[in-house]
Structure formats: C-alpha cells, structure tokens
Amino acid sequence: AIKGKFAFLFRRSGLGRVEAVDPIGRTAFLMIFREDRAYFVVPGKKAYAEEGPEAMMKRFLGISLPPDEALSLLSGTWADAGAGSGWNVEQDEQGRVARGGRDGFAFTVREFFPGGGVPRDIGLSGPGTSGRIKVLKLGFNPPSREAAFDVSFLHGYVLKTWEEILELRDR
C-alpha cells in the first residue's frame, strides 16, 4: 500500500509525471511517462527502473492505465470512453462522470470540486487492490513545462530491475 502526498502532471500526448513526497517534503520517488516509456526514479538512491507506461501504472495503481486515461480519471473527462475503449462509464443526474470500470477495476467519485464535474475524492478498487485518491489542488492548462518530462538527468543514475528497486525500499 502506498500512502502519501502525490503531485500529478499529465499532458494529452502521453506525457506524465507523478511525484511522491515524504512527510518532510523530500521527493521519495517520481514516475516520468514519455509516450511509450515510463521511468520510476528513486532520487535518494540515484537509481531508476524503466518499462512501458501501462505496466508502470499497474505497479502504482494496480491497473494497467496509460497516462491519457489517468488524466481522464483525475479530470473527470471521459470523452473516449465507450465500447471501443473497454471502459464502462456512468454519469450522475447532473451529467458528471460518477463511476466506471474496466476489466475488474472500478472507480467511484465520492466527492466533486464545487461548481463542476472534476473529482475531488476518488475510490479505486480491483482484484487485490483498493485505495483512494483525494485531490487537494488542481490546475488546468498550466504553462508548458517540458523540463518536467525530461529524463536526460538519468545518465547520472543506475538502471535497475524492478526487483532491485523494491530492494532499495527495504534498506
């Protein structure tokens, strides 16, 4: 189980960044998504693992979820949902996306930000996993920060397998 504060930054072109902060404000880990690759970075150990974005999100959320779908989940906009996507998305009486599911994974919006359809509190469940995302602050269309998705700094880090990354956590 993962509990903590996370910052999410996603762009529609398959770019994403998730940063986990420890109780004293240091970056515990971050994930960077760049179209067909994802990087799990442990800055304190100067180590990272690399794999496909859906596999990385499965490790994080318990479901294979590409960055564009994570953006839909956090923003409440599921324009691509339907038979072709595999998602079954339901709206409430106000037309907001209230719940949805795919392949045994489900989400339920427990609370919305005032005045719109943007989720504030999202319950997640699936085979062997459950959790909650509570959005504290949200911004749409911020100035472009391409450096947030830059991975050139990884040249100074050591590439590890996922199993080796998990061992770092135990040290």
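**Exercise 1. Find the residues that E54 touches beyond its sequence neighbours, and place E54 in the fold.**

Solution. Leaving out residues up to four places away in sequence, E54 touches I63, S64, L65 and P66; contact means heavy atoms within 4.5 Å. The model is predicted, so local features need pLDDT of at least 70 and side-chain atom pairs count only at pLDDT 80 or more, while totals for chains, interfaces and linings use all residues. Residues are numbered from 1 along each chain as its sequence is written, and side-chain values use heavy atoms, with hydrogens and water left out.

E54 lies in helix α1. Helices (H or I, at least four residues) and strands (E, at least two) are DSSP runs, numbered from the N terminus. Last, the accessibility: E54 has a relative accessible area of 37% and is partly exposed. The classes are buried under 20% relative accessible area, exposed over 50% and partly exposed in between (1.4 Å probe, protein chains only).

**Exercise 2. Describe the overall make-up of the protein chain.**

Solution. Start with the elements: there are three helices and eleven strands. From the N terminus on, they run β-β-β-β-β-α-α-β-β-β-β-β-β-α. The radius of gyration is 16 Å, close to the 16 Å that the globule rule gives for 171 residues, so the chain is as compact as a globular protein of that length. This radius is taken over C-alpha atoms, and the rule is 2.2 Å times the number of residues to the power 0.38. Along the principal axes, the C-alpha atoms fill a box of roughly 50 × 35 × 35 Å. Of the 171 residues, 42% are buried. Among contacts between residues at least 6 apart in sequence, 36% join residues at least 24 apart.

**Exercise 3. Locate the largest cavity and describe its lining.**

Solution. Searching the whole structure gives one cavity of 30 Å³ or more. A cavity is a set of points, on a 1 Å grid over the protein atoms alone, where a 1.4 Å probe fits but cannot get out; lining residues have an atom within 4 Å of a point. The largest cavity holds about 40 Å³ of space. Its lining consists of F8, F10, M57, L61, L65, A70, L73, L74 and I133. Two or more of these residues come from each of β1 (5–11), α1 (53–61) and α2 (67–75). The most come from α2, with three.

Now turn to α2 itself: eight of its nine residues are buried, so this helix is largely enclosed by the rest of the structure. Just after α2, G76 takes a positive phi of about 80°.

**Exercise 4. Identify the residues that touch the most members of the largest nonpolar core.**

Solution. A nonpolar core is a set of buried Ala, Val, Leu, Ile, Met, Phe, Trp, Tyr and Cys residues joined through side-chain atoms within 4.5 Å. The largest has 37 residues, of which M31 and F107 touch the most other members. Apart from it lies another core of eight residues, including L30, V41, L154 and Y157.

**Exercise 5. Is A148 buried or exposed, and which residues does it touch?**

Solution. A148 is found in the loop between β10 (129–134) and β11 (158–159). With a relative accessible area of 5%, A148 is buried. Not counting residues up to four places away in sequence, A148 touches L9, R17 and I32.

Notes. 1 Å grid on protein atoms, 1.4 Å probe; cavity = no way out; pocket = protein on both sides within 12 Å on 5 of 7 lines; lining within 4 Å. Points joined across faces, edges and corners; volume = space filled by probe spheres on them.
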